[in-house]
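These are my notebook entries on one protein chain. I set down what I looked up, one topic at a time.

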Amino acid sequence: MAAMQIVDADSHHLSAITDIFNHYILHTNARFETSPLTLVDRREWFSQFARNSRYQLLVAVEGGQVEGFAGSQPYRKTAAFCRTVETTIYLAPDRARRGIGTRLYSALFSRLSEQELNLAVAGIALPNESSIALHEKFGFRRVGTFEDYAIKNGQFLSALWMQKHLERRQDG
């Protein structure tokens, strides 16, 4: 069996990434969309990522299968937030508790340390203790909860917001 690798996402990973998103949309409250995403939706989203930028998308691949992905994207699309990124991480539904999330976030934050960034933020739909634990493992701290601010399947949802100050790696 091939060893798991963490690599830059490219267009041939997009279908698997969309499938993972759609699992969480259809079967959980972890995503606030109420209908599945399409490849067309994701192509525009995917266009924001680039290897040597603040906005990265990494995938964990084993045996040709995408096991999960992690990324950073703009928190808000105004210049005032140019040094803040929102991070996200999702695993294929049957891949939890195997260290994949840790490997993905380790690689992502290593990459982000090469960029001029100040802050990473993450919004986590509640309840989701495993995601909270992963973020705390990487130095995120809880900063507040938006209570009952979204509705999905007739149920009000809350989200915990977390943040982590980023330090730029000094080479040499």
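Entry 1: I began with N153, which is exposed, with a relative accessible area of 70%. The model I am reading is a predicted one. N153 lies in the loop between β6 and β7, and I noted that its phi is positive, about 55 degrees, although N153 is not a glycine. I then turned to D148, which is found in strand β6 itself. D148 also has a positive phi, of about 50 degrees, and is not a glycine. With a relative accessible area of 48%, D148 is partly exposed. I recorded both residues because most residues other than glycine have a negative phi.

Entry 2: I next looked up P127, which lies in the loop between β5 and α4. The peptide bond that leads from L126 to P127 is cis, and its omega is near -5 degrees. I marked this bond because most peptide bonds are trans.

**Entry 3: the two sides of α4.** Which residues of α4 are buried? I found S131, I132, L134 and H135. They cover an arc of only 160 degrees around the axis, so they sit on the same side of α4. On the other side of this helix, E129 and K137 are exposed. I also checked what the buried residues pack against, and the list is β4, α3, β5, β6 (141-152) and β7. After α4 comes G139, which has a positive phi near 90 degrees.

**Entry 4: the nonpolar cores.** I then looked up the largest nonpolar core, which has 24 residues. Within this core, L104, Y105, F109 and F140 touch the most other members. At least two residues of the core come from each of β2 (57-62), β4 (84-91), α3 (100-112), β5 (119-125), α4 (129-137) and β7 (155-165). The largest share, six residues, is supplied by α3. Apart from this core lies another, of 18 residues, and A9, F21, F46 and F49 are among them. As background I noted that in soluble globular proteins nonpolar side chains tend to be buried together.

**Entry 5: how α1 meets α2.** At what angle do the axes of α1 and α2 cross? The axes of helix α1 (residues 14-27) and helix α2 (residues 39-46) cross at roughly 110 degrees and come within 10 Å. The two helices are therefore roughly perpendicular to each other. From α1, the residues L14, S15, I17, T18 and F21 meet L39, R42, R43, W45 and F46 of α2. Sorted by class, this contact has six nonpolar, two polar and two charged residues.

**Entry 6: I25.** My last entry concerns I25, which lies in helix α1. Is I25 buried or exposed? Its relative accessibility is 3%, so I25 counts as buried, the cut-off being under 20%. Not counting residues up to four places away in sequence, I25 touches R31, E33, T34, S35, P36, L37 and K152. I also compared the position of I25 with that of H135: 110 residues separate them in sequence, and they are 21 Å apart in space, C-alpha to C-alpha.

Definitions and conventions:
Residues numbered from 1 in each chain as written. Predicted model: local features only at pLDDT ≥ 70, side-chain atom pairs only at ≥ 80, totals over all residues. Heavy atoms only, no water. Core = buried A, V, L, I, M, F, W, Y, C linked by side-chain atoms within 4.5 Å. Buried < 20%, exposed > 50% of the residue type's maximum accessible area, 1.4 Å probe, protein only. Helix = DSSP H or I, 4+ residues; strand = E, 2+ residues; numbered from the N terminus. Axes fitted to C-alpha atoms, helices over the stretch in contact; angles between N-to-C directions. Parallel < 35°, antiparallel > 145°, perpendicular 65-115°, else oblique. Contact = heavy atoms within 4.5 Å. Nonpolar A, V, L, I, M, F, W, Y, C, P; charged D, E, K, R; others polar. Arc of directions from axis to C-beta.
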